[in-house]
Amino acid sequence: MEERLLRAFVTVAEAGTVSAAAQRLDLVQSALSRQLQRLQRELRLPLFARVGSRLELTTAGEAFLPVARRVLAAHRQAEQAARTLASGSLAEVAIAAPGTTLIDVVLPFVATLDEDDPRPRVAETQLDDSLQDAVARHDLVVMPMAPGPTVQALHLIDLPVWAYVALGHPWADRADVALEELVDVRVVAPSRSFMARRVLDGAVAVAGLTAPELSEANSGRVAQALVATGAGVAVVTEDPAFGLVPLRVLLDGRALSVGLHAAWRADHFAAATLARIAASLQDFVHTRYPQPGPADDVPVTTRASPLSAVSSQ
């Protein structure tokens, strides 16, 4: 059921004669007649009946006409979509990120997009999801872990791993706390499905320290809520809540942090557009989370972390 045969049928039905339709299609009448005959043979339906010098639709032809018009409209839409894809344009962008990154970074960012930008569609990934699978399913993946060489990526920002305390806590007037101090107090932290917990565990192991007394929460926000009454210290990367005071966690004078990256397939048809969106996201996070000056401590980041997973933090 070729597009040109359907177009011949619809044009003749609208023009009423083969000669008028042939002029519209810039065809000779004999060629157009052969196309109509071929379509009727393939459909095994008589589509026209001759009445004088005109062709009138049969009952089958009248029933088939709206179907042919819908198929031609879909064909035009497919052609337009193909041209859009070939130009590298992107009508809709699917952005995926793990839970906290999705809430604190991606959703506030997509709220800033305007009508000239691709329509955003967001989804949540998990810590142990394969990065290759994630970038295959989504246009742009935002993760707190360094991507490997198989994808295009942009380093967005290094976000601190915070130790949050209540206003009445003895550390509330401080800007930071050494890891050696932190392991001597009760810590509330999310599970290892969150990057903050993995960074904390890794730093404790690297420093050769004894793990702190730890209460596990099902999210960073819950961890903050549990210490809001003044008991313990919440170790998370989330934005502050419940009036808590943030302290940087230092290991050998350097702040623990998570490197946030945006990644996409190098062979994506709209790779240039995704790179532009990633750059806009980079600008957004630097405005949202101002970075310390050059005199401040260099962060201990997750840039050297294993590259096989996308974090849920």
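Predicted model: local features only at pLDDT ≥ 70, side-chain atom pairs only at ≥ 80, totals over all residues.
Residues are numbered from 1 along each chain as its sequence is written, and side-chain values use heavy atoms, with hydrogens and water left out.

Trainee: At what angle do helix α1 and helix α2 pack?
Mentor: Helices are DSSP runs of H or I with at least four residues, and strands are runs of E with at least two, numbered from the N terminus. Helix α1 covers residues 3–15 and helix α2 residues 18–25, with their axes 8 Å apart. Axes are lines fitted to C-alpha atoms, for helices over the stretch in contact, and angles run from 0 to 180 degrees between N-to-C directions. The packing angle is about 125°.

Trainee: Which residues in α2 does α1 meet?
Mentor: Contact means heavy atoms within 4.5 Å. From α1, Arg7, Ala8, Thr11, Val12, Glu14 and Ala15 take part. Their partners in α2 are Ala20, Ala21, Arg24 and Leu25.

Trainee: Is Leu251 buried or exposed?
Mentor: Leu251 belongs to strand β12 (residues 245–251). Buried means under 20% relative accessible area, exposed over 50%, and partly exposed in between (1.4 Å probe, protein chains only). With a relative accessible area of 10%, Leu251 is buried.

Trainee: What is the phi of Asp26 near?
Mentor: Asp26 lies in the loop between α2 and α3 (29–43), and is exposed at a relative accessible area of 70%. Most residues other than glycine have a negative phi. Asp26 has a positive phi, near 60°.
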